[in-house]
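The stops below can be selected one after another.

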Amino acid sequence: MSKNTRAFSASTRPLPAREQTAEEQYGEPESYLEIETNIPNFKLRQSSVRRRYSEFEWLRDLLQLQMPRVTVPPLPGKVFTNRFDDRVIEDRREGLERFLQIVAGHPLLQTGTKVLAAFIQDPAFSTDTYSNY
(Lines give C-alpha, C1' and ligand atoms only; values in the text may rest on other atoms or scores of the structure.)
Protein backbone atom coordinates (compact mmCIF):
# COMPACT_ATOMS: atom_id res chain seq x y z
CA MET A 1 0.00 0.00 0.00
CA SER A 2 1.41 3.42 -0.88
CA LYS A 3 2.08 6.10 1.66
CA ASN A 4 -0.40 8.49 0.05
CA THR A 5 -3.67 6.56 0.32
CA ARG A 6 -5.87 9.68 0.30
CA ALA A 7 -6.28 11.42 -3.02
CA PHE A 8 -9.29 13.40 -1.89
CA SER A 9 -10.73 15.25 1.03
CA ALA A 10 -14.20 15.44 2.45
CA SER A 11 -14.57 17.77 5.34
CA THR A 12 -17.13 19.71 7.25
CA ARG A 13 -16.69 23.01 8.94
CA PRO A 14 -18.68 25.45 10.99
CA LEU A 15 -20.41 28.05 8.89
CA PRO A 16 -18.42 31.27 8.55
CA ALA A 17 -19.34 34.22 10.71
CA ARG A 18 -21.55 36.82 9.02
CA GLU A 19 -23.91 39.54 10.10
CA GLN A 20 -27.06 37.89 11.44
CA THR A 21 -30.67 38.96 11.12
CA ALA A 22 -32.81 39.34 14.25
CA GLU A 23 -34.49 36.01 13.43
CA GLU A 24 -31.12 34.28 13.27
CA GLN A 25 -29.92 35.91 16.49
CA TYR A 26 -32.99 35.06 18.57
CA GLY A 27 -34.40 32.00 16.79
CA GLU A 28 -33.18 28.43 17.04
CA PRO A 29 -29.56 27.97 15.94
CA GLU A 30 -28.98 26.69 12.42
CA SER A 31 -28.36 22.99 12.29
CA TYR A 32 -26.52 22.79 9.00
CA LEU A 33 -23.03 21.65 8.15
CA GLU A 34 -21.05 22.87 5.20
CA ILE A 35 -19.29 20.15 3.22
CA GLU A 36 -16.23 20.75 1.06
CA THR A 37 -14.77 18.04 -1.19
CA ASN A 38 -12.32 17.42 -3.99
CA ILE A 39 -13.00 13.81 -4.94
CA PRO A 40 -11.55 12.86 -8.37
CA ASN A 41 -14.40 10.46 -9.30
CA PHE A 42 -17.02 13.18 -8.97
CA LYS A 43 -18.03 15.59 -11.71
CA LEU A 44 -16.98 18.77 -9.91
CA ARG A 45 -13.36 19.08 -8.82
CA GLN A 46 -14.40 21.13 -5.78
CA SER A 47 -17.76 21.69 -4.16
CA SER A 48 -19.25 23.24 -1.07
CA VAL A 49 -22.80 22.47 0.12
CA ARG A 50 -24.87 22.64 3.33
CA ARG A 51 -26.57 19.59 4.82
CA ARG A 52 -28.72 18.83 7.85
CA TYR A 53 -28.26 15.82 10.14
CA SER A 54 -31.56 14.36 8.91
CA GLU A 55 -30.15 14.38 5.37
CA PHE A 56 -27.11 12.43 6.58
CA GLU A 57 -29.52 9.88 8.12
CA TRP A 58 -31.40 9.63 4.83
CA LEU A 59 -28.13 9.17 2.89
CA ARG A 60 -26.91 6.44 5.21
CA ASP A 61 -30.20 4.54 5.00
CA LEU A 62 -30.23 4.79 1.20
CA LEU A 63 -26.59 3.69 0.85
CA GLN A 64 -27.34 0.64 3.00
CA LEU A 65 -30.27 -0.26 0.73
CA GLN A 66 -28.41 0.36 -2.53
CA MET A 67 -25.09 -1.18 -1.52
CA PRO A 68 -25.89 -4.06 0.86
CA ARG A 69 -22.42 -5.61 0.51
CA VAL A 70 -20.71 -2.43 1.73
CA THR A 71 -20.52 -1.69 5.44
CA VAL A 72 -21.74 1.88 5.79
CA PRO A 73 -20.35 3.46 8.97
CA PRO A 74 -22.65 4.68 11.73
CA LEU A 75 -23.50 8.34 12.21
CA PRO A 76 -22.83 10.08 15.49
CA GLY A 77 -25.81 9.61 17.79
CA LYS A 78 -28.68 12.02 18.12
CA VAL A 79 -28.34 14.51 20.94
CA PHE A 80 -31.32 15.23 23.16
CA THR A 81 -29.76 17.33 25.94
CA ASN A 82 -27.44 20.31 25.60
CA ARG A 83 -27.70 19.99 21.83
CA PHE A 84 -26.78 23.65 21.30
CA ASP A 85 -23.68 23.44 23.48
CA ASP A 86 -20.53 24.30 21.49
CA ARG A 87 -18.74 21.09 22.49
CA VAL A 88 -21.74 18.91 21.56
CA ILE A 89 -22.03 20.65 18.19
CA GLU A 90 -18.31 20.23 17.51
CA ASP A 91 -18.36 16.55 18.51
CA ARG A 92 -21.25 15.91 16.12
CA ARG A 93 -19.53 17.83 13.31
CA GLU A 94 -16.38 15.74 13.79
CA GLY A 95 -18.45 12.54 13.74
CA LEU A 96 -20.19 13.55 10.52
CA GLU A 97 -16.85 14.45 8.99
CA ARG A 98 -15.48 10.98 9.85
CA PHE A 99 -18.61 9.43 8.31
CA LEU A 100 -18.12 11.44 5.10
CA GLN A 101 -14.43 10.64 4.84
CA ILE A 102 -15.12 6.91 5.09
CA VAL A 103 -18.11 6.93 2.74
CA ALA A 104 -16.60 9.28 0.16
CA GLY A 105 -13.32 7.36 0.25
CA HIS A 106 -14.92 4.00 -0.47
CA PRO A 107 -14.40 3.14 -4.16
CA LEU A 108 -17.68 1.19 -4.50
CA LEU A 109 -19.70 4.01 -2.97
CA GLN A 110 -17.95 6.63 -5.13
CA THR A 111 -18.94 4.85 -8.31
CA GLY A 112 -21.87 2.60 -7.38
CA THR A 113 -24.45 5.24 -6.53
CA LYS A 114 -25.35 8.63 -7.98
CA VAL A 115 -26.79 9.79 -4.68
CA LEU A 116 -23.44 10.19 -2.91
CA ALA A 117 -22.08 12.59 -5.52
CA ALA A 118 -25.32 14.57 -5.50
CA PHE A 119 -25.35 14.73 -1.69
CA ILE A 120 -21.81 16.06 -1.64
CA GLN A 121 -21.94 18.34 -4.67
CA ASP A 122 -25.46 19.47 -5.59
CA PRO A 123 -26.40 22.72 -3.82
CA ALA A 124 -30.05 22.12 -4.77
CA PHE A 125 -30.01 18.57 -3.35
CA SER A 126 -33.31 17.39 -1.91
CA THR A 127 -34.12 13.98 -0.46
CA ASP A 128 -37.42 14.16 -2.35
CA THR A 129 -35.61 14.47 -5.69
CA TYR A 130 -33.36 11.48 -5.04
CA SER A 131 -35.79 9.16 -3.22
CA ASN A 132 -36.33 7.01 -6.31
CA TYR A 133 -32.62 6.33 -6.96
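This is a predicted model: local features need pLDDT of at least 70, side-chain atom pairs count only at pLDDT 80 or more; totals for chains, interfaces and linings use all residues.

**Whole chain**

Six helices and three strands make up its secondary structure, and their order from the N terminus is β-α-β-β-α-α-α-α-α. Switch to a surface view: the chain exposes about 8900 Å², with carbon and sulfur atoms supplying 49% of that area. Of the 133 residues, 34% count as buried. If you draw the contacts between residues at least 6 apart in sequence, 58% of them join residues at least 24 apart.

**The nonpolar core**

Next, select Phe56, Leu59, Phe119 and Ile120. These are the residues with the most contacts inside the largest nonpolar core, which has 27 residues. Helix 2, helix 3 and helix 5 each contribute at least two residues to this core. Which helix gives the largest share of this core? Colour helix 2, the source of six of the core residues.

Stay with Ile120 and show what surrounds it. Beyond the neighbours within four places in sequence, Ile120 is in contact with Ile35, Thr37, Ile39, Phe42, Ser47 and Val49, as well as with Leu100 and Ala104.

**Aromatic rings**

Now show the side chains of Phe56, Trp58, Phe99, Phe119, Phe125 and Tyr130, which form one aromatic cluster. The count of aromatic pairs in the model is five. Zoom in on Phe56 and Phe99, an edge-to-face pair with 6.2 Å from centre to centre and 70° between the planes. Phe56 belongs to helix 2 and Phe99 to helix 3, so this pair ties together parts that are 43 residues apart in sequence. Both Phe56 and Phe99 are buried.

Move to Phe119 and Phe125. Their ring centres are 5.5 Å apart and their planes stand at 85°, so this pair too is edge-to-face.

**Salt bridges**

Select the charged side chains next; the structure holds five salt bridges. One of them joins Lys78 and Glu57, with 3.9 Å from N to O. Lys78 sits in the loop between helix 2 (53-66) and helix 3 (86-105), whereas Glu57 is in helix 2, so the bridge ties together parts that are 21 residues apart in sequence. Lys78 is partly exposed at 47% relative accessibility, and Glu57 is partly exposed at 25%.

Follow helix 3 to Arg87 and Asp91. Their salt bridge has its closest N and O atoms 2.5 Å apart, and the two residues lie four residues apart in the helix, about one turn. Both ends are partly exposed: Arg87 has a relative accessible area of 46%, and Asp91 is at 38%.

Further along helix 3, pick Arg93 and Glu97. In this salt bridge the closest N and O atoms are 2.7 Å apart, and the partners are again four residues apart, about one helical turn. Glu97 is buried, with a relative accessible area of 16%, and Arg93 is buried as well, at 12%.

**Gln101 and Thr37**

Select Gln101, also in helix 3. Gln101 is partly exposed, at 23% relative accessibility. Draw a distance from the C-alpha atom of Gln101 to that of Thr37: the value is 9.6 Å, for residues 64 apart along the chain.

**Thr113**

Last, centre on Thr113, in the loop between helix 4 (107-112) and helix 5 (114-121). Although Thr113 lies in a loop, this residue is buried, with a relative accessible area of 7%. What does the side chain of Thr113 make a polar contact with? One partner is the side chain of Gln66, at 2.5 Å. The Thr113 side chain also reaches the backbone nitrogen of Val115, at 3.2 Å. Setting aside residues up to four places away in sequence, Thr113 touches Leu63, Gln66 and Leu108.

Conventions:
Residues are numbered from 1 along each chain as its sequence is written. Side-chain values use heavy atoms; hydrogens and water are left out. Buried means under 20% relative accessible area, exposed over 50%, partly exposed in between (1.4 Å probe, protein chains only). Contact means heavy atoms within 4.5 Å. Accessible areas come from the Shrake-Rupley method with a 1.4 Å probe; for residues, only the protein chains shown count as cover. A polar contact is a pair of N or O atoms within 3.5 Å; within protein, one must be able to donate a hydrogen and the other to accept it, and residues adjacent in sequence count only if both atoms are side-chain atoms. A nonpolar core is a set of buried Ala, Val, Leu, Ile, Met, Phe, Trp, Tyr and Cys residues joined through side-chain atoms within 4.5 Å. Rings of Phe, Tyr and Trp (its six-membered ring) pair if their centres lie within 6.5 Å; planes under 30 degrees apart count as stacked, over 60 as edge-to-face and the rest as tilted.
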